[in-house]
Amino acid sequence: MLKFNENGKFGMLLFGDLHEKEDYLTSPKFRDMQKLMKAAVDEYKPDLCVLLGDNFDTGLCKRDPALYEQGLRDMLKPALEKNIPVAFIMGNHEHDADCDKEIIEACNRIEGIIIRPDGAGGKADFYEPVYSRDGKKPLACLWFLDSNNLYEDRNLSHYDYVHTDQLEWFKKENGRITEENGGIPLPSYIFQHIPVPEEYELLRKAKIWEYPVSVKGYGTRSNVRYVGAKGTVGYVGEGPCAPDINNGQFDVWQKAGNVKAAFFGHDHLNDFSGYARGIFLAQHKTAGFRAYTDGCRSCVRYVELDENAPGDFYQELKRFKEFGLRSESLGPIFRTITDRQSMALHFCAQALGAAAALTAAAYTVYYLTAGGKTNVKK
Ligand SMILES: [Fe+2]
Ligand SMILES: [Fe+2]
């Protein structure tokens, strides 16, 4: 049972996209991630940690579930050794090896990890009410949802989403919880891997002079460059990789009326957040150093609920270097680079790439037409 602590708070520490791998015991990247996890757990003393998906290579689970289980135990040691429970969300890469059952079983063998296949069709959707200090009354509800893997027709959307039967399960369970609470809905918080398309409402089209600090949209939005809209805070480091098909999950939350915030993983660079039509949406970058990252800007997000202010929450980001940590896996550039420098470099690389492509195209046209003919000697 999750409960508000003796200070009347309930603190959650979020870790995005750790992408750990079998070679973790010898990897300086793993040691850097562990430094961040340990420093964050020590500083925030959370009541719950949340893994936002793409957590650990599931190919290992397929080959050797016992080794995978040990990997999870070692990866989560900073939380588990302090008896802090860890909610485990399935990311798209958790589905890569097609062994959902084995992953859930491995997690369930580890005391402290929370994951249950309670959702429609046995999907790893589950919820946890947060009770008052005395354990008598639920005051909030945390929803952990499985946003699946790739969409079946990649011409329509690269990534999948939370399916309709899962949304029906959410509506049914949310209604039941409200009924059991005397008709009063609980303030609810969503945690899932792949973001909803409404995340783009936190962005706006970049003006041409803003291009060096803008990002290209993803999928069907890739012909537009974006920057954060008014009211959006945090770093927009890549086009959010939401599905191109909108199956109405955000509308379900709006109609439910009690969803206060949703926290997503999946994008490794973005850490922006803001309100879309009254619901707080927060993109969470990787807290690891494995897959594509922006180095020392890897961070954790702390979210705190208040027993005396139902529906209110406090949240903040804290980055690796802000904990005063020193990386052993990153070179000097990645240790020091800022958000703005990173975006400008990325834009320059794209511009140079475009210039090179244009030059090559112009030369080809020249060679195949006039240029080619003038060089022919008879
Ligand atoms: Fe990922
Ligand atoms: Fe992902």
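**Contacts along the chain.** I looked first at contacts in this predicted model, where two residues are in contact if their C-beta atoms, placed from the backbone, lie within 7 Å. Among contacts between residues at least 6 apart in sequence, 70% join residues at least 24 apart.

**Conventions.** I noted that residues are numbered from 1 along each chain as its sequence is written, with chains lettered from A and ligands numbered from 1 in the order in which they are written. Local features need pLDDT of at least 70 and side-chain atom pairs count only at pLDDT 80 or more, while totals for chains, interfaces and linings use all residues.

**Overall build.** I found 10 helices and 16 strands; these are DSSP runs numbered from the N terminus, helices being H or I of at least four residues and strands E of at least two. The radius of gyration is 23 Å, close to the 21 Å that the globule rule gives for 378 residues, so the chain is as compact as a globular protein of that length. That radius is taken over C-alpha atoms, and the rule is 2.2 Å times the number of residues to the power 0.38. Along the principal axes, the C-alpha atoms fill a box of roughly 95 × 45 × 40 Å.

I then checked burial: a residue is buried with 20 or more other C-beta atoms within 10 Å of its own, exposed with 12 or fewer, and partly exposed in between. Buried residues make up 42% of the 378.

**Domains.** An automatic or database domain assignment sets the bounds, giving domain 1 (2-331) and domain 2 (338-378). Their centres, taken over C-alpha atoms, are separated by 41 Å. I see 7 residues of domain 1 in contact with 6 residues of domain 2.

**Helix α7.** I read α7 as residues 249-256, with Q249, F250 and W253 buried. Down the helix axis, the buried residues fall within an arc of 105 degrees, so they line one face; the arc is that of the directions from the axis to the C-beta atoms. Their cover includes α6 (164-180), β12 (259-264) and β14 (279-283). After α7 comes G257, with a positive phi near 80 degrees.

**G11.** I located G11 in strand β2 (residues 9-15). G11 is partly exposed, with 19 other C-beta atoms within 10 Å. Beyond its neighbours within four places in sequence, G11 has contacts with Y44, K45, P46, D47, Y302 and E304.
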